[in-house]
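Thanks for making time this morning.

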Amino acid sequence: MTATLRPRVLVIGAGFGGLAAAYELSRDGLAEVTVLEKANDIGGVWRANTYPGAACDVPSNLYSYSFARKTDWGRRYAEQPDILGYIHDTADRFGLRDLVRTGVEVTSAEYDDATATWRVATSGGEVYEADVLVPAVGQLSRPALPNIPGLDTFAGPSFHSAEWRHDVDLAGKRVAVLGTGASAIQFVPRIRQTAQHVTVFQRSAPYVVPKLDRAYTEKHHVAFQKVPGFAAAMRGAIWETTELLGFALTRAKPLARVLHGLALRNLKRHIKDPVLRAKLTPDYPIGCKRVLFSSEWYPALAQDNVAVETDAITEVTPRGVRTVDGQGHEVLHEVDVIIYGTGFKATEFLAPITITGREGRNMHTEWAGGARAHLGMAVPGFPNMFLIYGPNTNLGSSSIILMMEQQARYIRQITEALVRGGVTRAFEVRRDVEEAYDAAVQSRLDSGVWTTCESWYRTASGRVTTNWPGLVHEYQHRTRTAALDDFHEVRPAKEAQEVGA
């Protein structure tokens, strides 16, 4: 690491997590921060996901930074344009946009043992040097397409929901939607209003509870802005409610049964057809897969121009989607457009970036058994590299921004320790500390609901690499103070050689 009072910090990604890190590390002039963003604008998933109906499933009062709370949200559950606008406004307000270089895609990052610094290469041939590396690329940023034969043979338009083609007019079209996750339950009710017919291909039925959304009125905005403590009290109440939901999903079976009953009553209320209701009834414990929030999903599926198909897909053809039932009978569903609501490569952390640590360690080799990191941030063998929204920091409830902000504060403490040292060095988490932490986390996960079925939370081997097994309060408590004893110092090889001489 270079002998400087202002460490050079390189952040990869300009979504909520990367901007939180940029704010904390640039605050009070602590570090010289540069944020590299491969897209042409900031915003992360809220820049990329522009499908009809895109919105947050966390109440908007809680879906904002603690240092930039917004009191004029348009709705209780903010929609994509409002959230992206908030990100832009916040970045401008705190000068964060000036730190971001857009259109710069990172291809590799290599730790230099000789100087204890990071060298980061981009697809454009540029090379950046940094004392601290902060990957903040997220878990839900790389769309996943299903492994189905013939995907590239379809004659009509086809696209993933996170790469929505607004040039494709769905009016009067026969549309196939593959997937019934958090994105599909938002865009299907919208597109079915203009499409001739929508066929939803479902692999497993989600649990869906009502989303008590509404537009905020002028009275709400006046109360949020003028009544002392009202906005803070609302945010606190929502936070504790989401923590209760998290508690129900992870530890409290009686509360989980209440949530289970609520979801099934929601289904029964809107779906009267017993055959369709049977298709939409989940066959796994609630919480194993992501619980979804919508008051539009079931009413949309009950419409005459929407069908739910649960037979296995065998292939995509130029004309549509072919399925086969349990008796071997095949059906070709002819459609004009295919939309993939098939989620993201959530367990492929940091891919496709090549990360090389101390003494040539390859990150993806180190993570061959599944991604892991101390507190979701620090990996043995990779000094002065700290992840935002890393392994086992995703939530089954509550606001992920709370986790990202806490991680940014933790990384700030490490960076402050680097500054105080006044010498060339790097902090690397001790392997015994990381192993003990990972064993404890995985033990809790093994006894929890997320291991009871297949989901995007788990790797092919069954390891849960995405989710935090506790509540946000617990994570904040554990990361409130960065314990420097958990790390050992790594000196530049040049310095060590000079001392040895």
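This is a predicted model: local features need pLDDT of at least 70, side-chain atom pairs count only at pLDDT 80 or more; totals for chains, interfaces and linings use all residues.

Let me begin at Gly95, which follows helix H3 and has a positive phi, near 70°. Residues are numbered from 1 along each chain as its sequence is written, and side-chain values use heavy atoms, with hydrogens and water left out.

Helices here are DSSP runs of H or I with at least four residues, and strands are runs of E with at least two, numbered from the N terminus. Helix H3 covers residues 80-93, and its end C-alpha atoms are 20 Å apart, which agrees with the 20 Å that its 14 residues should span at 1.5 Å a residue, the expected span being 1.5 Å times one less than the number of residues. Among the buried residues of H3 are Ile83, Leu84, Ile87 and Ala91, where buried means under 20% relative accessible area, exposed over 50% and partly exposed in between, with a 1.4 Å probe and protein chains only.

Now to the disulfide, defined as a pair of cysteine sulfur atoms within 2.5 Å: the structure holds one, formed by Cys288 and Cys453 with their sulfur atoms 1.8 Å apart. The torsion about their S-S bond is about -120°, so the disulfide is left-handed. Cys288 counts as buried, at 0% relative accessibility, and Cys453 is also buried, at 12%.
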